[in-house]
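Biologist: I would like to learn how to read a model of this kind, one feature at a time. Where do we begin?

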Amino acid sequence: MSESSVKILLIEDNLAEARLLQEFLKQASSKQFNLLHVKRLGEGLKELNNDIYDVILLDLTLPDSQGLSSLVPLIAQSPSIPIVVLTNTNDEELAIEAVRQGAQDYLVKRHVNTDVLVRALRYAIERKQSLEGLRKVNENLENRVQEYTAELVKAEEINKFKAEFVSMLSHDIRNPLNAILLATGLLQNNDNKLTQEKKTSHLQLIRSAIKNMAHLLDEASLIGKADSGKLQCQLDPLNLELFCRQFVKEIQLNINEKNLTFIFNSIGKFDEELWDEGLLRHILGNLLNNAIKYSLPGGKVLFEVIDRDDSVIFLIQDWGIGIPKEDQMHLFEPFHRANNVDKIPGTGLGLAIAKKCAEAHGGKISVSSEVGVGTTFTVILPKIKS
């Protein structure tokens, strides 16, 4: 407490009592007290808005407030300012209850003198400062505990992710590796016995297996970059309509294998604008291949690209097996696969990658689906001005 400027706000409707308290403070050996007197609680609350005080002297019987109800707005408005309540002789129990509810001390008016008043004010200020210090220490400790807890949870999630990731890679890479080992073994041990057609078939199998492995590693690398904040948008001039038409040609083999009716529509006027072709390939590749994969043979897939003034919308719709409601909220999490995919192969990374790529491009992705009816994915990407 400063020895030169202790500011006191006295809320007391009795003018004689207020003057007596002022006289007591003037008689103090050190003249460090500066008292402002108001008669009503409302006036005191306004004054607390206008100035800073070290302590409040509060009469519990006021024209606009009675008893303990005066404490509540004062503590709510100025929780760090200590309060000393003033009571009459027969209100000591009320004063004790006031201390329980947040006041720092109380004084019985007829028992007050200079020493008692100064001591009570000093005690109230020192006690409040100690309580505030403890509160801040506790608050800092709570914040540190929350931070450490969050770090532990994140570490557990990372460890879980790593374990799942390693398990997935070891499982899914094993199949193409086995195919490569088998084909190379046949070529090595039976070269003279194999026809040229068989040799070509085995070489194609090896190339396909290597391509699958490269795709898995590419997905793994992309997820890693996204989680570490290193997935960047690399912009180049591109006509989206032409790009999408070419992309449909590239996946035509998958479409033909399932005898699907594939409909592509472009709506709007597409000019050459800035896009990240790599991110677009990851987004559309995963969504279109999923639409084909989860469609029934002889089914239909719709792919629309819609040009807007400030954005482009990609809509991919199938009439396949659909996604259960309980899986939709976790659909874009790595390794999560719907519980109705049965033995349809997949890593559970495709949709997570599509979402990461859409976000890296400043866009968003959403899904609407019903089991047995089909699924629609909508991707909205903003146009990026050069």
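Modeller: Let us begin with a single residue. In which strand does Ser65 lie?

Biologist: Ser65 lies in strand E5, residues 65–66. Is Ser65 buried or exposed?

Modeller: First, a caution: this is a predicted model. A residue counts as buried when its relative accessible area is under 20%. Ser65 has a relative accessible area of 8%, so it is buried. Setting aside residues up to four places away in sequence, Ser65 touches Leu41, Leu60 and Ser70. The C-alpha atoms of Ser65 and Leu41 are separated by 6.7 Å, although the two residues are 24 apart along the chain.

Biologist: What is the secondary structure of the protein as a whole?

Modeller: The protein has eleven helices and 14 strands. Of its 386 residues, 42% count as buried. The accessible surface is about 22,000 Å², and carbon and sulfur atoms contribute 51% of that.

Biologist: What share of the contacts joins residues 24 or more positions apart?

Modeller: Among contacts with a separation of 6 or more, the share is 69%. Val312 gives a case to look at. Val312 belongs to strand E12, residues 311–318.

Biologist: Which residues does Val312 contact, leaving aside its neighbours within four places in sequence?

Modeller: The list holds Leu240, Trp275, Val305, Ile306, Asp307, Val379, Ile380, Leu381 and Lys383. Val312 counts as buried because its relative accessibility is 0%.

Biologist: How do I read a residue inside a helix?

Modeller: The general idea is that an α-helix has 3.6 residues a turn, so residues three or four places apart point the same way. For a case here, take Leu288, which lies in helix H9. With 0% relative accessibility, Leu288 counts as buried. Apart from residues up to four places away in sequence, Leu288 touches Phe247, Ile251, Phe262, Phe303 and Ile316. The C-alpha atoms of Leu288 and Ile255 are separated by 9.9 Å, and these residues are 33 apart along the chain.

Biologist: And how do I describe two helices that pack together?

Modeller: Two packed helices are described by the angle between their axes and the distance between the axes. In this model, helix H9 (residues 277–293) and helix H11 (residues 350–360) have axes that come within 8 Å and cross at roughly 145°. The crossing of H9 past H11 is left-handed.

Biologist: Which residues make the contact?

Modeller: From H9 they are Leu279, His282, Ile283, Asn286, Leu287 and Asn290. From H11 they are Gly350, Leu351, Ile353, Ala354, Cys357, Ala358 and Ala360. By class, the residues of this contact divide into nine nonpolar, four polar and no charged.

Biologist: Which residues of H11 are buried?

Modeller: The buried residues of H11 are Gly350, Leu351, Ala352, Ile353, Ala354, Cys357 and Ala358. After H11 comes Gly362, with a positive phi near 80°.

Biologist: What is the phi of Asn259?

Modeller: Asn259 is not a glycine, yet its phi is positive, about 55°. Asn259 sits in the loop between helix H8 (252–257) and strand E9 (261–267).

Biologist: Is Asn259 buried or exposed?

Modeller: The cut-off for exposed is over 50%. Asn259 has 60% relative accessibility, so it counts as exposed.

Biologist: Last, how do I treat an annotation from a record? What does UniProt place at Asp59?

Modeller: An unreviewed UniProt entry places the feature "modified residue: 4-aspartylphosphate" at Asp59. In the model, Asp59 lies in strand E3, residues 55–59. Asp59 counts as buried because its relative accessibility is 4%.

Biologist: Which residues is Asp59 in contact with, leaving aside its neighbours within four places in sequence?

Modeller: Asp59 is in contact with Ile11, Glu12, Asp13, Leu86 and Lys109.

Technical notes
Residues numbered from 1 in each chain as written. Predicted model: local features only at pLDDT ≥ 70, side-chain atom pairs only at ≥ 80, totals over all residues. Heavy atoms only, no water. Helix = DSSP H or I, 4+ residues; strand = E, 2+ residues; numbered from the N terminus. Buried < 20%, exposed > 50% of the residue type's maximum accessible area, 1.4 Å probe, protein only. Contact = heavy atoms within 4.5 Å. Areas by Shrake-Rupley, 256 points an atom, 1.4 Å probe, with all protein chains shown as cover. Axes fitted to C-alpha atoms, helices over the stretch in contact; angles between N-to-C directions. Left-handed = near helix turned anticlockwise from the far one by under 90°. Nonpolar A, V, L, I, M, F, W, Y, C, P; charged D, E, K, R; others polar. UniProt positions renumbered as here; feature names shortened; annotations may be inferred.
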